[in-house]
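Welcome! Take a moment to look over the model below, and then we can walk through its sheet together.

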Amino acid sequence: MAVTTVTYAEAAAKALGDAMREDPRVVALGEDLGRGGIFGQYKGLVQQFGPDRVIDTPISESTIMGAGVGMALAGLRPVVEMRVADFAMCAMDEIVNQAAKNRFMFGGQKRVPLVARLPIGIWGSSAAQHSQSFESWFVHLPGVVVLCPSTPQDNYAMLRAALQGEDPVVYMEHKELWGLRGEVDDQAPATLGRARVSRRGSALTLVSWSAAVHQVAAAAEALASDGIEASVIDLGSLWPWDRETVLADAARTGRLLVVHEAVQAGGFGAEVAAVAAQHTGCQVARLGAPRVPVGYAPVLEAQARVGVQQVVQAARVLVERPAAASGAAGR
């Protein structure tokens, strides 16, 4: 067992490096990989494996993704870097109509075992075209796995698991987590579709993923100081997602608040809340971002962020709500 303390970015680089050493079919392609990636998530890999396996590409996202799909169909296991999820909009046809559907449309003759890295979330002072969270788009897409690691351990173990799969994975790291430090056990495997319960309480269940998990954990601490004990569940895997764990805890507490950084309208939190309400009868609420572009100015950017105090307030409203009431927290 090797346990080290590394950053979120270093964990990703280690996961990919370990996979490339074990399997010569694993390759990576995208912009800026030769200099380690814009967040350092490929640091040192081109020196270890050479430019034939860590491939710098032109600035053409549709070409990069299309090449990745072709590599996967030809027997390789490509990691396709989109730099940020916002830029993947230029490659949607290759993701939606090619990678996700090939196995189905051609009777399983071929599979597409690629990992598409699409970093999500607000990226400080980077404005509307570099600060979006599109996870619900891809959860809605049949044929792909959707993962959102929130810790260095997740980013190591989940990327390793993604590279061992047989279907395309939309792998959504958060743009503001790259410097987050934590312990990584490279012998602790991830079980995709299994949520992590980091705290148990009796008053309500808090469900989140990606960077919002850290806001939720801080909110749970604040609530506990006021005598409100909350469970905290990090989904990690959005498709498949761990319905069993969420439903069991929501049924036990009778209240569920789903929190995400993405725009609340049409967000994946609505699916989690609806399933919980349908199967447990618990009270549900959602908290997400307003339906506005993320501003460049700090005062405007702050309006698009979901902070600790907003989570605390939404949780208190839910706990104080009469049993017969209905509605949703959030904006």
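## A parallel pair to start with

Strand S2 (residues 26-30) and S3 run parallel and are joined by three bridges. One of the residues involved is Gly30, whose bridge partner in S3 is Asp56. Strands (E, at least two residues) and helices (H or I, at least four) are DSSP runs, numbered from the N terminus, and two strands pair if DSSP finds at least two bridges between them.

This is a predicted model, where local features need pLDDT of at least 70, side-chain atom pairs count only at pLDDT 80 or more, and totals for chains, interfaces and linings use all residues. Residues are numbered from 1 along each chain as its sequence is written, and side-chain values use heavy atoms, leaving out hydrogens and water.

## The whole sheet

Now step back to the open sheet: seven strands in the order S3-S2-S4-S5-S7-S6-S12, with mixed pairing. Strand S3 (54-56) and strand S12 (237-239) are its edges, each pairing on one side only. From one strand to the next, the twist averages 20°.

## Helices across the strands

Helix H1 (residues 8-22) lies across S2, S3, strand S4 (77-81) and strand S5 (115-117), at about 135° to S2. Angles run from 0 to 180 degrees between N-to-C directions, using axes fitted to C-alpha atoms, for helices over the stretch in contact; contact means heavy atoms within 4.5 Å.

Helix H7 (residues 152-163) lies across several strands, including strand S6 (145-147) and strand S7 (169-171), and runs at about 160° to S7.

## A look at Thr7

Thr7 belongs to strand S1 (residues 3-7). Its relative accessible area is 11%, so Thr7 is buried (under 20%, with a 1.4 Å probe and protein chains only). Leaving aside residues up to four places away in sequence, Thr7 touches Pro152, Trp178, Gly179, Leu180 and Arg181.

Key: Buried < 20%, exposed > 50% of the residue type's maximum accessible area, 1.4 Å probe, protein only.
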